[in-house]
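Subject: Structure handover

Hello,

Here is the structure I promised to pass on. Please open it alongside this note. My findings follow below.

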Amino acid sequence: MTRFGKTRVHTYGAGERIPVVLLHGQNATPAEWAPHVVALAQGGRSVLAIDRVGEPGHSSQKLPIDSADDTAAWLEETLEGLGLERLHLIGHSYGGYVALQHAVRAPGRIASVTVYEPPRALVPLKPGFLLGAIAGFLSGSESFQRRWFTNLIGDTGVNSAEAEAGTRLALDAIRGFRIRLPQPQRMSDDALRSIAAPTLVLLGGADRVLDSRRAEARARRLIRNVSTEIVPGAGHGIPVKVFNSRVPEFIYAVEQAAGV
């Protein structure tokens, strides 16, 4: 329980290694991490997927969250309640934005931070993405909305049933749930320079949300201990095979370097 509301956390695996905490994308739920938890738990570690307040999941919001500072306060209270003194923080899309902001505001807990496609944090959203989103959801056409969303996410490598479940959940959430969270904002140069934790930035080579090459260039220029990768052909959805290989390798290398 936090002062912002009750926060549900889903846990997989166990062990002595530094745990992994997952932050899902907007209009999604922790279910999006199902294809990844086994890979992340390898070697003996717990994986915790947080159901963010203000989103269409099982958490309930009590107080408004109006800023990145509020979001960080909610996350800090959640991590404190879980008794996590040190953790690897991973976020997708809006969750990636939250993860980067938290690495700035609460560096003491963060052993590493991994983000996939963090919107606005590094570069602005593409105008075409905004226009497509507005047109699709003002039109009221379910077929148009579905086509727009599946093109946005791209082929992540999950089976058709899982892909359909994710699409249906996201579209129902977009149409029927009012998000009660602040929009992501561009992070300043100073904020990005202040991130001390080893950072992995993954981007989709065919993404429709942001300019991956500009985002990669800004991350490399400003984040002091950063690794980046643009995944060829990937969209805004997490490419399962690449993520499940690259991220555990990154976490293991961070721990080896720290002598953990």
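How much space lies in the largest cavity? About 30 Å³. A cavity here is a set of points, on a 1 Å grid over the protein atoms alone, where a 1.4 Å probe fits but cannot get out. Grid points are joined across faces, edges and corners, and a volume is the space filled by probe spheres set on the points.

Before the rest, some ground rules. This is a predicted model, in which local features need pLDDT of at least 70, side-chain atom pairs count only at pLDDT 80 or more, and totals for chains, interfaces and linings use all residues. Residues are numbered from 1 along each chain as its sequence is written, and side-chain values use heavy atoms, with hydrogens and water left out.

The cavity

The count comes to one cavity of 30 Å³ or more. Its lining consists of Ala68, Thr71, Ala72, Tyr97, Val98, Gln101 and His102; lining residues have an atom within 4 Å of a point. Helices α2 (68-82) and α3 (94-105) each supply at least two of the lining residues. The most comes from α3, with four residues. Helices (H or I, at least four residues) and strands (E, at least two) are DSSP runs, numbered from the N terminus. By class, the cavity lining has four nonpolar, three polar and no charged residues. Ala, Val, Leu, Ile, Met, Phe, Trp, Tyr, Cys and Pro count as nonpolar, Asp, Glu, Lys and Arg as charged, and the others, Gly among them, as polar.

The pocket

The largest pocket holds about 1,400 Å³ of space. A pocket is an open set with protein on both sides within 12 Å along at least five of seven lines. Its lining has 49 residues, and Gln26, Asn27, Phe149, Ile153 and Ala170 lie nearest the centre. Helices α4 (127-139), α5 (142-153) and α6 (160-176) each supply at least two lining residues. The largest share, nine residues, is from α6. In the pocket lining, 30 residues are nonpolar, 15 polar and four charged.

The sheet

Seven strands form an open sheet with mixed pairing, in the order β2-β4-β3-β6-β7-β8-β9. Strands β2 (8-12) and β9 (226-231) are the edges, each pairing on one side only. Two strands pair if DSSP finds at least two bridges between them. From one strand to the next, the twist averages 15°. Axes are lines fitted to C-alpha atoms, for helices over the stretch in contact, and angles run from 0 to 180 degrees between N-to-C directions. Helix α8 (residues 212-222) packs on the sheet and touches β8 and β9. Its direction makes about 170° with that of β9. Contact means heavy atoms within 4.5 Å.

Strands β7 (residues 110-116) and β8 (residues 199-204) run parallel, joined by four bridges. Val113 stands opposite Thr199 in β8.

Two residues to look at

Thr114 is in strand β7. Thr114 is buried, with a relative accessible area of 1%. Buried means under 20% (1.4 Å probe, protein chains only). Leaving out residues up to four places away in sequence, Thr114 touches Leu89, Ile90, Gly91, Leu200, Val247 and Phe250.

Trp74 lies in helix α2. Trp74 is buried too, at a relative accessible area of 0%. Trp74 and Met1 are 73 residues apart along the chain, with their C-alpha atoms separated by 9.7 Å.

Best wishes

Methods:
Buried < 20%, exposed > 50% of the residue type's maximum accessible area, 1.4 Å probe, protein only.
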